[in-house]
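Colleague: I am new to this structure and would like to learn how to read a few of its features. Could we take them one at a time, with the general idea before the case?

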Amino acid sequence: MTMQRLFAVVILCLYAFAVRAAESQTFAHGGDARVDGTFIQAYKAKWKITGRGKDGTVKDGGTWSDSVQVAKLHDRDVLRRAQVWNYGTGTETFVNFVDRKTLLPIITEFTNTQGIYYRFEYSADGRVVRYQRSPALKDDSAPYNISDPMEQGTVHLDVPVWDFNGGMFGLLISAFPLEAGYAAKIPVFPLVEPNAHPAWVDFSVSDKATVAAGPGKSVEAWNVVANSPATKEVMRFALAKEPPYVIELRQEWQGLDWTFELM
């Protein structure tokens, strides 16, 4: 085979692979029937967070606790999820109310030790969002001024969206079909800069593997990679269809590879 023919064959193979990858990715919309969270039950879990650097550096990231309750909110079946990251010198708390079946957001709330606060409330049809949040800092070192007014606004969305970055993370993805080769791109609310146009998160499911699920326990879980361009995050999950659903998480941050391991 000449070099020219070999080059042509390689190009054709790469093109075919790209076409298959594009065809395999589902563009899901808020309320998509393929998403069903009714299998999610109440649970409590805690992860130990450890950061590791390429130079052998190991850093304790504290703990991440997570609890989900099945509840009623205005005669609507919902999941209430509360998560707390305790990093030793402070905490960050996420609280989410979502529709139990569709996992569409109803309320998203965040607070931390430094006094940052935000709350987003979604209309029943998922088209309107009201929000209130702490004013943006001029820079990372600037302290909050109690006299600065809270930011408030209403956003009319182009399409119904999910909440990924505001606290649902891997639990949201667990409600999608989990099978080898499945991939999807989903609209999520742009929390950083609220506006009518959704941000997008894409994820892909590769294979199933046995992973540690706490002391003396292991489960079969799906390996999933989620990419959030709006927040510049890439999360690697091990997800299962049994509590606590998110079995493991790995994420690069501040030059370290952070691992969330069930305690």
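Modeller: Let us begin with the nonpolar core, which is a set of buried Ala, Val, Leu, Ile, Met, Phe, Trp, Tyr and Cys residues joined through side-chain atoms within 4.5 Å. Please keep in mind that this is a predicted model.

Colleague: Which residues touch the most other members of the largest nonpolar core?

Modeller: The largest nonpolar core has 64 residues, and those that touch the most other members are F164, I186 and F237. Leaving aside neighbours within four places in sequence, F237 has contacts that include F164, F169, I173, W222 and L249. Another core, of six residues, lies apart from the largest one, and V78, V95, F97 and I107 are among its members.

Colleague: Is S174 buried or exposed?

Modeller: Buried means under 20% relative accessible area. S174, which lies in helix α2 (residues 169–174), has a relative accessible area of 0% and is therefore buried. Beyond its neighbours within four places in sequence, S174 is in contact with F39, I40, L239, A240, K241 and Y245.

Colleague: How should I read the backbone angles?

Modeller: Most residues other than glycine have a negative phi, and most peptide bonds are trans. In this model, H74 has a positive phi, near 55°, and is found in the loop between β3 (58–73) and β4 (76–86). Q254, also not a glycine, has a positive phi of about 55° and sits in the loop between β14 and β15 (256–262).

Colleague: Which residues does a cis peptide bond join?

Modeller: The cis peptide bond joins P243 and P244, with omega about 0°, and P244 is in the loop between β13 (233–239) and β14 (246–253).

Conventions:
Residues numbered from 1 in each chain as written. Predicted model: local features only at pLDDT ≥ 70, side-chain atom pairs only at ≥ 80, totals over all residues. Heavy atoms only, no water. Buried < 20%, exposed > 50% of the residue type's maximum accessible area, 1.4 Å probe, protein only. Contact = heavy atoms within 4.5 Å. Helix = DSSP H or I, 4+ residues; strand = E, 2+ residues; numbered from the N terminus.
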